[in-house]
There are 2 protein chains.
Amino acid sequence: MKVGVKVLPRKEILDTQGRAVESVLHQQGQEGVNCRIGKYIELEVPGQNKEEVSAQVKKMVNNLLYNPLIETYELEFYE
Amino acid sequence: MKVGVKVLPRKEILDTQGRAVESVLHQQGQEGVNCRIGKYIELEVPGQNKEEVSAQVKKMVNNLLYNPLIETYELEFYE
């Protein structure tokens, strides 16, 4: 089963990459664009049971893929 | 309008981050997991017309946010 994990910096955390992109867009004449930049992780996990896969993926994400102090994540299931 | 941009390394490109994660998962006893790691960009663009916003965002992504030689991207519209 294919699962997408979107990891974004928390709203209260300064997102330096996002700010840099906003500033370049501003210089290019694109006004009022808000940008946050994080990670996208695509996992292919064996198993078809959504609940089992979800539990497995949450464990992986918590152990390895995100820092709860500064980031939040969201899962997305394909197929 | 809120738009998500998922940027992933092309399949034929060596994804070193993804391989590192796969290797750690393997060491932790999680077998057969396939992992690719890219960027997730959340943009808030003024305007509500999906076609206009889509054209604008594509321009930004092409100019600034992804490298077509080694990456592919996908848009996602919210609201």
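Y73(A) counts as partly exposed, at 23% relative accessibility (buried is under 20% relative accessible area, exposed is over 50% and partly exposed is in between, with a 1.4 Å probe and protein chains only). The structure is a predicted model, where local features need pLDDT of at least 70, side-chain atom pairs count only at pLDDT 80 or more, and totals for chains, interfaces and linings use all residues. Residues are numbered from 1 along each chain as its sequence is written, chains are lettered from A and ligands numbered from 1 in the order in which they are written, and side-chain values use heavy atoms, with hydrogens and water left out.

Back to the tyrosines. Over all chains, three aromatic pairs turn up. Take Y66(A) and Y73(A): their ring centres lie 4.7 Å apart with the planes at 70°, so this pair is edge-to-face (rings of Phe, Tyr and Trp, the last by its six-membered ring, pair if their centres lie within 6.5 Å; planes under 30 degrees apart are stacked, over 60 edge-to-face and the rest tilted). Y66(A) has 16% relative accessibility, so this residue counts as buried.

Now for the interface. Here 30 residues of chain B touch 30 residues of chain A, contact being heavy atoms within 4.5 Å. Between them the two chains bury about 2500 Å², with 60% of that on carbon and sulfur atoms (the accessible area, by a 1.4 Å probe, lost on being put together and summed over both). On the chain B side, Y40(B), E42(B) and L64(B) supply 22% of the area buried against chain A, more than any other three residues. E42(B) also pairs with R36(A) in a salt bridge, where the closest N and O atoms are 3.2 Å apart (the rule is a side-chain nitrogen of Lys or Arg within 4 Å of a carboxyl oxygen of Asp or Glu). The count between the two chains is four salt bridges. Which parts of chain B do the touching? β1 (2–9), α1 (16–27), β2 (34–44) and α2 (50–65) of chain B each supply at least two residues (helices, H or I, of at least four residues and strands, E, of at least two are DSSP runs numbered from the N terminus). The biggest giver is β2(B), with eleven residues.

Counted over all chains, there are ten salt bridges. In chain A, K6(A) and E74(A) meet at 3.8 Å, N to O. That pair ties strand β1 to strand β3 (residues 71–77) of chain A, with K6(A) and E74(A) 68 residues apart. K6(A) is buried at 7%, while E74(A) is partly exposed at 46%. Over in chain B, K6(B) and E74(B) form a salt bridge at 3.8 Å, N to O. K6(B) is buried at 7% relative accessibility, and E74(B) is partly exposed at 47%. K6(B) also bridges to E76(B), with the closest N and O atoms 3.3 Å apart. This second pair joins β1 and β3 of chain B across 70 residues, and both K6(B) and E76(B) are buried. Through shared partners, salt bridges link K6(A), E74(A), E76(A), K6(B), E74(B) and E76(B) into one network.
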